[in-house]
Amino acid sequence: MKWAEFRTTKAGIKFHTKYDLGRGIPELVIVSNAKVHDKKKMEELMTEKNCIYVLDKAYVDYKKFDKFISDEKYFITRLEDNATVQEVETLDITYSQIKLLDEGASQQN
């Protein structure tokens, strides 16, 4: 397919997927040319507040992460190999009123 041209001898596509853990199904799939960097699709995938997104480290964009945190969009990702980390504060684990998973999502079948 012409729209998927990646190099002169290759073509490729990527499937950026928002997966609903509670229901066990993909909620949103965005198809892009393989040339498109993963983090350019992050804002299209991370649309809901008060849920946790799990991202591959190809999606790492610290400026966008700061905005997502302020917008109550939470995420888990691996850090890049050259990331610099400094502990700012240690917090105790507390109870939260925010419900992150649907009923029964944590139960194994």
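Predicted model: local features only at pLDDT ≥ 70, side-chain atom pairs only at ≥ 80, totals over all residues.
Residues are numbered from 1 along each chain as its sequence is written, and side-chain values use heavy atoms, with hydrogens and water left out.

**Confidence**

- The chain averages a pLDDT of 83, and 91% of the residues score at least 70, where pLDDT is the predictor's confidence in each residue, from 0 to 100.
- Among the elements of the chain, the highest mean pLDDT, 91, belongs to strand 4 (residues 25–33), and the lowest, 78, to strand 1 (residues 5–7).

**Overall fold and surface**

- The chain holds two helices and six strands, these being DSSP runs numbered from the N terminus (helices: H or I, at least four residues; strands: E, at least two), and their order along the sequence is β-β-β-β-α-β-α-β.
- The radius of gyration of the chain is 17 Å, well over the 13 Å that the globule rule gives for 109 residues, so the chain is more spread out than a compact globule; the radius is taken over C-alpha atoms, and the rule is 2.2 Å times the number of residues to the power 0.38.
- Taken along the principal axes, the box filled by the C-alpha atoms of the chain is roughly 55 × 40 × 25 Å.
- Buried residues make up 21% of the 109 residues, with buried meaning under 20% relative accessible area, exposed over 50% and partly exposed in between (1.4 Å probe, protein chains only).
- About 9000 Å² of the chain is accessible surface, of which 51% belongs to carbon and sulfur atoms, as given by the Shrake-Rupley method with a 1.4 Å probe, where for residues only the protein chains shown count as cover.

**Aromatic pairs**

- A search of the whole structure finds two aromatic pairs, a pair being rings of Phe, Tyr and Trp (its six-membered ring) with centres within 6.5 Å, and planes under 30 degrees apart counting as stacked, over 60 as edge-to-face and the rest as tilted.
- The ring centres of Tyr62 and Phe65 lie 6.1 Å apart with their planes at 85°, so this pair is edge-to-face.
- Both residues lie in helix 2 (residues 62–70), three residues apart, about one turn of the helix; Tyr62 is partly exposed at a relative accessible area of 38%, whereas Phe65 is buried at 5%.
- Ring pairs link Tyr62, Phe65 and Phe75 into a cluster.

- Thr77, found in strand 6, is partly exposed at 21% relative accessibility, and, leaving aside neighbours within four places in sequence, Thr77 is in contact (heavy atoms within 4.5 Å) with Leu55, Asp56, Lys57, Val60 and Phe65.

**Phe15 in strand 3**

- Phe15 lies in strand 3 (residues 13–20) and counts as exposed at 54% relative accessibility.
- Apart from neighbours within four places in sequence, Phe15 is in contact with Val29, Ile30 and Val31.
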